[in-house]
Amino acid sequence: MALIASAAPTVRSAQRSTLLHGLAGRWPLLPLIAAVLLLAVPDDGTGAGAGAVNGVPAPDLLSGVAVLVCAGRLLYLRRRPLTVAAGLVLGLPAAGLTLATVTAADPAAALPGLARYLQIFVLVPAAVLLLVRDAQGFRLVAGSLVLLAAVQGATGVHQYVTGSGASYMGEDIRAVGTFGPSDVMGMATVVAYGLLAAVAYALRTPKGTPSWLKPWAPLTAALLVVPLTLSFSRGAWIATAAGALAMIAMTGGRQAVRALAVLAAAGIVLVGGFGVGSEMISQRLASITQVTSAPDRSVNDRYAMWAAATDMWRERPATGVGLKGFPAHRDAHASIGLSAGSDTAGAGQEFRKQPLLSPHNMYLLVLSEQGLIGLTALAGSWAALLVGGVRRLARARARGSAAVDCGLAAVGLMTWQTVDFLYADIGGPSTVLTGIVLGLAAWWALAGPERTTTA
């Protein structure tokens with residue numbers, strides 16, 4: 001008995017030592033996690049976000065730090081940076097971007113666009129792929145997305161309840177979090193990311209999770225439905241539904257039926273039972289099916305910009321009009337039905353007219369500015385990540401891998417991104433999260449099996 005009693009403190013001490021050593025070994029992830037969490041800090045009024053340096057948001061600066069940390073570790077450890085497949089998938093967009101910049105009417109004006117696209121679609125995803133060592137590292141980054149979503153979601157619900165949100169149908173009730181009325185998709189994007197990560201964790205809770213922590217994933221996912229609903233963002237609703245259904249479908253038939261029943265019940269209780277904006281939400285939902293019969297002004301503007309983007313592509317089908325070229329060529333290709341801009345107000349800002357500088361469709365934006373070559377490179381890279389992620393998830397389920405929750409999150413987030421790009425494009429402080437999400441998807445789809453199967 002004495003030997004057992006004396007051995008217990010030793011075992012606990014060894015466990016603490018192992019835990020501290022594991023956390024210390026994950027310090028390279030800190031810039032990525034900080035880049036995510038800093039998006040919870042309210043905007044300082046400049047539109048670039050709190051902590052901005054010369055107009056550059058702090059999360060973007062930290063993503064740059066993550067890239068430098070990754071490069072430094074590769075040089076210090078003298079490791080091969082990427083596999084051939086990963087290098088091809090992540091490097092392909094760089095070729096299309098470079099070509100679009102060189103062939104632009106004004107290459108100098110296209111250089112800022114080149115830097116931004118390389119950051120979001122090449123450098124940050126590659127850094128995430130290389131800095132995330134195992135499933136626990138993936139969960140840390142995904143967990144930071146959930147935490148950010150909880151903070152922004154709570155802020156958005158408070159805005160709706162107190163009437164301090166962005167203007168919507170004559171009332172200041174639209175939940176936009178700390179992003180303000182000029183970036184109404186910011187909070188919806190953040191909340192959707194966190195919701196899908198929580199759903200993945202709820203569908204396949206990792207072994208060894210403390211019993212007190214297990215109920216929090218489904219509860220958090222259910223609660224995040226409220227601010228997502230109050231964002232009144234139709235595109236985010238559709239993309240989130242697609243991401244959730246993709247994850248549920250990958251869990252197997254029996255669990256899929258149970259999960260769908262729970263989601264339906266949560267929607268009825270939260271929206272129907274509590275009356276969370278039920279009338280306006282029903283009108284917004286109905287408008288999704290009325291885009292051709294009775295479209296509102298925002299839909300008309302979107303159609304006009306889509307037509308303008310298509311016209312630009314027809315003018316230069318191979319390489320497009322050049323990065324950052326859509327605003328300069330818009331008026332020459334848009335119909336007279338396009339309005340001067342969208343009206344924004346509320347959430348602490350005065351009324352202002354927001355110029356329409358993009359088609360609000362990432363695929364058409366790339367097609368108009370980078371042509372068919374650029375779209376093939378970028379969309380091909382995203383498709384490879386999604387298909388590779390689904391295939392690896394199916395194999396991980398068959399093997400009984402302990403990292404299935406990571407695969408579900410990667411597939412759900414990547415599905416969300418590809419669907420959301422039908423209704424939105426990059427822009428605003430939350431754009432850096434796009435690069436991080438693509439990096440998580442790349443880690444699951446392209447990392448070696450010994451990394452993805454670690455518990």
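**Exercises on helix packing and aromatic pairs**

Tyrosine 117 and phenylalanine 121 lie four residues apart in helix α5, and are therefore separated by about one helical turn. The exercises below concern a predicted model.

**Exercise 1.** Classify the ring pair of tyrosine 117 and phenylalanine 121 from the angle between the ring planes, and state whether these two residues are buried or exposed.

*Solution.* Step one is the distance: the ring centres of tyrosine 117 and phenylalanine 121 are 5.6 Å apart, and a pair requires centres within 6.5 Å. Step two is the angle. Planes under 30 degrees apart would count as stacked and planes over 60 as edge-to-face; the planes here stand at 40 degrees, so the pair is tilted. Step three is the accessibility: tyrosine 117 and phenylalanine 121 are both buried.

**Exercise 2.** Carry out the analysis for tryptophan 382 and phenylalanine 421, and locate both residues in the chain.

*Solution.* The ring centres of tryptophan 382 and phenylalanine 421 are 5.0 Å apart; because their planes make an angle of 40 degrees, this pair is tilted. As to location, tryptophan 382 belongs to helix α14 (residues 362–399), while phenylalanine 421 sits in the loop between α15 (404–420) and α16. The threshold for burial is under 20% relative accessible area. Tryptophan 382, at 4% relative accessibility, therefore counts as buried, and phenylalanine 421, at 3%, therefore counts as buried too.

**Exercise 3.** Describe how helix α5 packs against helix α16.

*Solution.* First, the geometry: α5 (residues 107–131) and α16 (residues 431–446) pack at about 40 degrees, with axes 7 Å apart. Angles under 35 degrees would count as roughly parallel and those from 65 to 115 as roughly perpendicular; α5 and α16 are therefore oblique to each other. Next, the handedness: the crossing of α5 past α16 is right-handed. Finally, the residues: α5 contributes Arg116, Gln119, Ile120, Phe121, Val124, Pro125, Val128 and Leu129, and among their partners in α16 are Ile436, Leu438, Leu440 and Trp443. By class, the residues of this contact comprise 12 nonpolar, five polar and one charged.

**Exercise 4.** Where is threonine 415 found, and what does it contact beyond its neighbours within four places in sequence?

*Solution.* Threonine 415 is found in helix α15. Its relative accessibility is 11%, so threonine 415 counts as buried. Beyond those neighbours, threonine 415 contacts Ala242, Gly243, Ala246 and Leu386.

How values were computed
Residues are numbered from 1 along each chain as its sequence is written. This is a predicted model: local features need pLDDT of at least 70, side-chain atom pairs count only at pLDDT 80 or more; totals for chains, interfaces and linings use all residues. Side-chain values use heavy atoms; hydrogens and water are left out. Axes are lines fitted to C-alpha atoms, for helices over the stretch in contact, and angles run from 0 to 180 degrees between N-to-C directions. Helices (H or I, at least four residues) and strands (E, at least two) are DSSP runs, numbered from the N terminus. Angles under 35 degrees count as roughly parallel, over 145 as roughly antiparallel, 65 to 115 as roughly perpendicular and the rest as oblique. A crossing is left-handed if the near helix is turned anticlockwise from the far one by less than a right angle, and right-handed if clockwise. Contact means heavy atoms within 4.5 Å. Ala, Val, Leu, Ile, Met, Phe, Trp, Tyr, Cys and Pro count as nonpolar, Asp, Glu, Lys and Arg as charged, and the others, Gly among them, as polar. Rings of Phe, Tyr and Trp (its six-membered ring) pair if their centres lie within 6.5 Å; planes under 30 degrees apart count as stacked, over 60 as edge-to-face and the rest as tilted. Buried means under 20% relative accessible area, exposed over 50%, partly exposed in between (1.4 Å probe, protein chains only).
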